[in-house]
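These notes are for a colleague who is opening the structure for the first time. Please read them with the sequence and the model side by side.

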Amino acid sequence: MMIRPTTTALVALITLSSTTTTTAFHTPSNTRIISSTTLFSTPPERTTDQPPKPPLFTLVKRVAVAGATGRTGKLVVQQLLSQNVPVLALVRDTDKAMSAFDPTNELLTIRKTDLGSKDDVITAIQEGEGVDCAMWCATGFSDAPDQSIWDKVSAIFGFATNSQGSIDAVGLPALGEALAKSPKRTLANGSDKSAPLPKVVMLSSAGVTRPDWTDEKKSALEGCAGIPIVRLNPFGILGVKKQSEEELRNCGTEYTIFRPGGLNDKWPKNSRPIFSQGDVAVGRINREDVATILVDLLSTPEATGKTFEGVSIANSDGYYPPAESLSVALDRLILDKDGVSEDVARATYAIMQQLLPGEKQAAAELAMGQTYEQLDKEEIGRLGARGTEEAPIVKTA
């Protein structure tokens, strides 16, 4: 079903790179190495005569957004439309989409899509009139009639009990497959026209690899391995996201995977993002800033082929505004095919732990639903004390 309009980090503090025995962090191209034993790379040279990045609407024909009516997906769609970018909203509930967006907007097309059906996702892209890139902002389950009651209860939380039942494991690689043979995307006026832009940007989550860490690593990096979402891992959501990431990496298309830390709508927006790799980041980031980053990644070739985490430093009194571009920060990060060494991950962890909110900076002591501020004041969180948390079950009609 297709509905059409009725009218016509501080730049990133942690910078990672390919592993060597003498340096833990990557030196971007065309940058002089100061010393063979330096830990941090020298920032790339920046000159005032560098051409500005072209407007996004000149770099894409149409963006498909999966999970367009979700809390983050809705913000992504709004930002794309505000930049005059045509959008194909892939949604389960068209009535909800019609109320969430202006259906008369000529840039917006709403399509009812089962993200748990590979065929339906591929058909949606093929019929999408010029769709050349996609954004994955969805989590949940297919509406397939053979799902168990337990699966449907799990869907209330947006979580998955197993990868086969999750839309992430089906719809996400289908997006990649549908776009794999489409023309390469590049910056039309960029300094490196051969550098590909991502065709699929995935919104994942920090912590997806941590349940599979060794006991030694969990103990050594307890500040990120012991946080509530990892400790409890409700319905195995982290494992599902991890497998879905792998499916995307192997689908044959250019991609970027962004793993934000804790989404907090009360955290100051328009703050400085801090990007890192190794899945050791813990902290907060405003959902609107996440949407901004996701949209910006579509025009950032330095993000292609990379997986990275992100939290933010609160922009108090304008001291830490976002950098004018993500390119410098993301250029320092390494490609997934090169891998992040254990030494780099642990060095990154040591620094990232100093950026935690609150005074105690003890993320592993948090209970599910408890804030850093409540931990400082020794107050119980909304779901109970640590170890006794009870997740609320929301009844639906």
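1. The place to begin is the largest nonpolar core, which has 39 residues, and of these Val65, Val76, Leu80, Phe275, Leu294 and Leu297 touch the most other members. A nonpolar core here is a set of buried Ala, Val, Leu, Ile, Met, Phe, Trp, Tyr and Cys residues joined through side-chain atoms within 4.5 Å, and buried means under 20% relative accessible area, exposed over 50%, and partly exposed in between, with a 1.4 Å probe and protein chains only. Among the elements that each supply at least two residues of this core are strand 2 (62-66), helix 1 (71-82), strand 3 (87-91) and helix 10 (287-297), and helix 10 gives the most, with six residues.

2. Before going further, please note that this is a predicted model, in which local features need pLDDT of at least 70 and side-chain atom pairs count only at pLDDT 80 or more, while totals for chains, interfaces and linings use all residues. Residues are numbered from 1 along each chain as its sequence is written, and side-chain values use heavy atoms, with hydrogens and water left out.

3. As for the whole protein, its secondary structure comes to 13 helices and eleven strands, which are DSSP runs numbered from the N terminus (helices are H or I, at least four residues; strands are E, at least two). Of its 397 residues, 51% count as buried.

4. The structure holds three aromatic pairs, where rings of Phe, Tyr and Trp (its six-membered ring) pair if their centres lie within 6.5 Å, and planes under 30 degrees apart count as stacked, over 60 as edge-to-face and the rest as tilted. Phe258 and Phe308 form a tilted pair, 5.7 Å centre to centre with 45° between the planes, and this pair links Phe258 in strand 7 (residues 255-260) with Phe308 in strand 11 (residues 306-313), 50 residues apart. Phe308 counts as buried because its relative accessibility is 0%. The rings of Phe275 and Phe308 have their centres 5.5 Å apart and their planes at 80°, so this pair is edge-to-face. Phe258, Phe275 and Phe308 form one aromatic cluster.

5. By the rule used here, a salt bridge is a side-chain nitrogen of Lys or Arg within 4 Å of a carboxyl oxygen of Asp or Glu, and the count comes to 21. Glu254 forms one with Lys199, the closest N and O atoms being 3.5 Å apart, and the two lie 55 residues apart, Glu254 in the loop between helix 9 (237-249) and strand 7 and Lys199 in the loop between helix 5 and strand 6. Glu254 is partly exposed, with a relative accessible area of 22%, whereas Lys199 counts as buried at 1% relative accessibility.

6. Glu246 and Arg249 also meet in a salt bridge (2.6 Å, N to O), and both lie in helix 9, three residues apart, about one turn of the helix. Salt bridges that share partners join Glu245, Glu246, Arg249, Arg259, Glu309 and Asp336 into one network.
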